Amino acid sequence: MEIPILKQRDYLIASVQSVLTDEDLTNLRDRLVQQVGRFRSQGVILDVTGMDVMDSFAVRTLRDLAHMIRLRGATTVIVGIQPEVAFAMIQLGLRLKDVPTALDLEEGLAYLDRNKGKRTLPNHE
Amino acid sequence: MNDNKAKFGIGSGGSGSDKPGARASREIRIETKVLIKGVEDIVEARQKGRALAQELGFSMTQSTLVATAISELARNIVLYAKQGEIILAKVTNDTHRGIIITAADKGPGIANIQHALMSGYSSSGGLGLGLPGVRQMVDEFDIKSRPGEGTQVTALMWL
């Protein structure tokens, strides 16, 4: 199932509303990395509200996505991690490390607006 | 369906349980088996696991832990053995109810189990957190593997 990518101002917004397979997630990563260039986007918001589980594969893929987009000159912010998903991530020892997160879409937009042109995060490990 | 019932205890070498009496005699009833042949089956396995956990009365948070553990174990099957099975069972003893997740395959097996259970070790380029991560978040954990014959991982979570 292909996740729609919306363009809003200088940003791309992808909202996961259903359960994703590994392939759906890597497909989304690759499309976002491409479209950041096509639309000359400054930021990407990935809303993961609909993700039922964040296991080691999902976390690694999201980190890769954020770093790839950083290399393309834009900032990624992950929003919508649910409380129980956050709990399971910590129990499993999974960390998003230097990838910025925000509560929801609104906070994600505010984060990108604040950091526009700063080229800050994610930092090098 | 008597053949679905069996009495046994999982692993003697697991991470241990803090629930008193948890090692008393148990009744285990297999509820679902999900054949794992590819990544799309991972989703089915974890959804069935979540549904069973909720049916047993696990909270949303605990059910998400169950689903996450299944996702890790099912992915190991796809990555290393290509195919196998996730078996979901209810377990009860005198005082507690729980869920047992078994991931079984006839893949290449794990040559060095101690190594595979160490944080940071992975032979597939992953985070290396799959098995140790699952082990630390469940109440009991057991792994049996023989090179060339396959692997069976069992994880138990009490309600």
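Tutor: A salt bridge is here a side-chain nitrogen of Lys or Arg within 4 Å of a carboxyl oxygen of Asp or Glu. The model under discussion is predicted.

Student: How many salt bridges does the rule find across the interface of chain A and chain B?

Tutor: Over all chains, the count by this rule comes to 13 salt bridges. One pair that meets the criterion is Arg46(B) with Asp52(A), whose closest N and O atoms are 3.0 Å apart. Across the interface of chain A and chain B, the number found is 3.

Student: Why does the salt bridge of Asp22(A) with Arg75(B) join two chains?

Tutor: In this salt bridge, the closest N and O atoms of Asp22(A) and Arg75(B) are 2.5 Å apart. Asp22(A) belongs to helix α1 of chain A and Arg75(B) to helix α2 (residues 60-81) of chain B, so the pair joins two chains.

Student: What area do chain A and chain B bury between them?

Tutor: The contact involves 21 residues of chain A and 25 residues of chain B. In chain A, the residues that lose the most area to chain B are Val53(A), Glu84(A) and Leu92(A), together 28% of what that side buries. Carbon and sulfur atoms carry 60% of the buried area, which for the two chains is about 2,000 Å².

Student: Which helix gives the most to the side of chain A that touches chain B?

Tutor: Between the chains, 8 residue pairs are in polar contact, both residues being at pLDDT 80 or more. At least two residues of the side of chain A that touches chain B come from each of α1 (22-38), α2 (56-71) and α3 (83-92) of chain A. By class, that side has 10 nonpolar, 4 polar and 7 charged residues. With 6 residues, the element that gives the most is α3(A).

Student: Which elements give two or more residues to the lining of the largest cavity?

Tutor: The lining of the largest cavity comprises 7 nonpolar, 1 polar and 5 charged residues. Of its 13 residues, the closest to the cavity centre are Leu20(A), Met51(A), Val53(A), Ala58(A) and Arg46(B). The elements that give two or more residues to this lining are α1 and α2 of chain A.

Terms used: Residues are numbered from 1 along each chain as its sequence is written. Chains are lettered from A and ligands numbered from 1 in the order in which they are written. This is a predicted model: local features need pLDDT of at least 70, side-chain atom pairs count only at pLDDT 80 or more; totals for chains, interfaces and linings use all residues. Side-chain values use heavy atoms; hydrogens and water are left out. Contact means heavy atoms within 4.5 Å. Buried area is the accessible area (1.4 Å probe) that two parts lose on being put together, summed over both. A polar contact is a pair of N or O atoms within 3.5 Å; within protein, one must be able to donate a hydrogen and the other to accept it, and residues adjacent in sequence count only if both atoms are side-chain atoms. Helices (H or I, at least four residues) and strands (E, at least two) are DSSP runs, numbered from the N terminus. Ala, Val, Leu, Ile, Met, Phe, Trp, Tyr, Cys and Pro count as nonpolar, Asp, Glu, Lys and Arg as charged, and the others, Gly among them, as polar. On a 1 Å grid over the protein atoms alone, a cavity is a set of points where a 1.4 Å probe fits but cannot get out, and a pocket is an open set with protein on both sides within 12 Å along at least five of seven lines; lining residues have an atom within 4 Å of a point.
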